[in-house]
Amino acid sequence: MDFRDSPEEAAFRDRLRAWLSVHASEFPSSGDEYWTRQGEWHRALYEAGFFGLSWPREYGGQELPPVYDVIVDEELARAGAPPRPSLGYLVVGLGRHGSKELQRRFLPGMINGTERWCQGFSEPGAGSDLASLTTTATRDGDNYVVHGHKIWTSYSDVADWCLLLARTDPDAKRHRGLSAFIISMKQPGVQQRPLRMMNGVTTEFGQVFLDGATVPADQMVGAPGDGWAIAMTVVGHEREPSTLGYAARYGKLVRQLAARSDGPVSDELRWAAVQTEMLTHHVRRRLSEQLDGVLHGPDGSLDKLLMTWVEQTVGHAALAVGGTEDPDLLSAYLYSRAQSVMGGTSQIQKNIIAARILGL
Ligand SMILES: Cc1cc2nc3c(=O)[nH]c(=O)nc-3n(C[C@H](O)[C@H](O)[C@H](O)COP(=O)(O)OP(=O)(O)OC[C@H]3O[C@@H](n4cnc5c(N)ncnc54)[C@H](O)[C@@H]3O)c2cc1C
């Protein structure tokens with residue numbers, strides 16, 4: 001495959017570069033400030049025509065090939081701008097399992113950023129073993145009434161809506177009794193408490209207490225008992241190659257670290273440079289498969305594992321160069337530790353690869 005831009009892609013890239021040269025510096029790209037202003041950033045990108053590019057026109061996207069998302073990721077990294085808000089897994093989840101009415105009602109606001117979302121799957125006793133979750137949703141007339149406790153819910157402090165996984169049939173076996181809902185976060189039965197991350201950020205995620213919160217029955221996504229299938233679609237797409245646009249971001253950090261290193265380059269930094277290059281080639285291969293219409297199933301676990309290794313190697317290199325004195329490099333290292341946990345841990349990805357790809 002020829003990875004050079006087509007004339008249309010080159011024109012798009014130029015337009016984006018020109019826009020970023022004016023607006024990138026207006027938005028912080030890390031720390032609490034980044035998370036606080038992420039919604040503003042999302043809307044600014046969307047309004048300028050640089051977000052939701054590969055999603056259906058009907059819902060506010062532009063139906064462009066996914067290569068345009070990669071161009072956006074590359075140019076945002078190059079400009080030192082904040083990353084592209086990550087929502088693809090929710091768009092795919094709702095697009096694949098939601099009714100036409102739910103898609104029409106919720107996808108436009110999700111894509112254009114006027115409505116913020118979070119994903120309420122994990123609980124204190126249910127992370128890797130998600131099917132053991134205990135939050136319940138009980139039918140009461142036209143509504144379901146929800147009780148439970150979610151944790152590590154990214155964007156819970158600002159979210160208007162949550163894609164919630166709850167147990168609707170306590171008698172059915174584990175994952176068969178689960179259903180998914182679109183529940184309003186702005187109601188008296190929902191309480192959100194922020195959690196402080198080890199890099200000091202307090203606005204990325206929180207825990208959510210549901211105590212008699214209600215959700216209309218027609219905001220169930222799919223049918224009762226479909227929750228597990230929906231959850232698997234969503235977490236499968238959290239690992240898709242499109243999110244690997246981060247390769248450009250890692251590459252930029254590696255180049256910055258190399259420029260700062262005086263004397264011999266450390267082994268950590270050498271290894272980070274090699275791995276980042278390898279990831280870039282992997283992303284391109286995945287992208288060309290995607291453009292050829294190849295659908296990925298459990299292979300997403302390979303992508304996620306590879307991305308985690310690279311981000312953590314780059315994190316180690318940042319620590320080797322900056323020590324603990326440079327707050328930005330220390331934060332890059334600390335944040336990289338979360339990669340092997342979020343969206344399914346590395347051990348779980350290895351289990352999926354063993355069972356579903358290698359057939360062990
Ligand atoms: C930055 C960040 C953002 C997140 N955002 C969200 C969000 O928006 N919404 C949401 O619902 N959740 C979110 N999560 C939660 C995340 O999905 C869970 O933390 C993750 O699934 C692991 O669950 P756990 O923390 O309960 O760990 P556990 O499942 O308790 O795992 C503990 C350890 O045991 C290992 N382990 C567990 N089971 C097995 C097994 N079968 N085989 C081998 N090893 C095993 C794990 O790999 C891990 O090392 C987020 C997490 C992070 C770090």
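A residue is called buried under 20% relative accessible area, exposed over 50% and partly exposed in between, with a 1.4 Å probe and protein chains only. By that definition Tyr155 is buried, because its relative accessible area is 14%. The model is predicted, so local features need pLDDT of at least 70 and side-chain atom pairs count only at pLDDT 80 or more, while totals for chains, interfaces and linings use all residues. Residues are numbered from 1 along each chain as its sequence is written, and side-chain values use heavy atoms, with hydrogens and water left out. Helices (H or I, at least four residues) and strands (E, at least two) are DSSP runs numbered from the N terminus; contact means heavy atoms within 4.5 Å.

**Backbone geometry**

- Most residues other than glycine have a negative phi.
- Tyr155, which is not a glycine, has a positive phi of about 65° and is found in the loop between β3 and β4 (161-167).
- Trp152, also not a glycine, has a positive phi of about 60° and lies in strand β3 (residues 143-154).

**Nonpolar cores**

- A nonpolar core is a set of buried Ala, Val, Leu, Ile, Met, Phe, Trp, Tyr and Cys residues joined through side-chain atoms within 4.5 Å.
- The largest nonpolar core has 56 residues, of which Phe12, Leu20, Trp41, Met110, Phe121, Ile182 and Val221 touch the most other members.
- Helix α4 (residues 67-79) supplies the largest share of this core, six residues.
- Beyond its neighbours within four places in sequence, Val221 is in contact with residues including Leu94, Leu102, Phe181 and Ile230.
- A second, separate core of 18 residues includes Leu164, Val190, Ala213 and Val215.

- Gln38, Gly39, Trp41, His42, Ala44 and Leu45 are the buried residues of α3, and they pack against α1 (7-23), α2 (31-36), α4 and α6 (100-112).
- Gly52 lies in the loop between α3 (38-47) and α4 and is buried, with a relative accessible area of 4%.
- Not counting residues up to four places away in sequence, Gly52 touches Gly61, Gln62 and Ile111.
- Gly52 is 61 residues from Gly113 in sequence, and their C-alpha atoms are 9.9 Å apart.

**Helix packing around α10**

- Axes are lines fitted to C-alpha atoms, for helices over the stretch in contact, and angles run from 0 to 180 degrees between N-to-C directions.
- The axes of α9 (residues 267-291) and α10 (residues 300-322) come within 9 Å and cross at roughly 155°.
- Helix α9 is therefore roughly antiparallel to α10 (angles under 35 degrees count as roughly parallel, over 145 as roughly antiparallel, 65 to 115 as roughly perpendicular and the rest as oblique).
- The crossing of α9 and α10 is left-handed, meaning that the near helix is turned anticlockwise from the far one by less than a right angle.
- The axes of α8 (residues 246-260) and α10 come within 10 Å and cross at roughly 20°, so α8 and α10 are roughly parallel.
- The crossing of α8 and α10 is left-handed.
- Residues of α8 that meet α10 include Tyr246, Tyr250 and Leu253, and their partners in α10 include Met307 and Val310.
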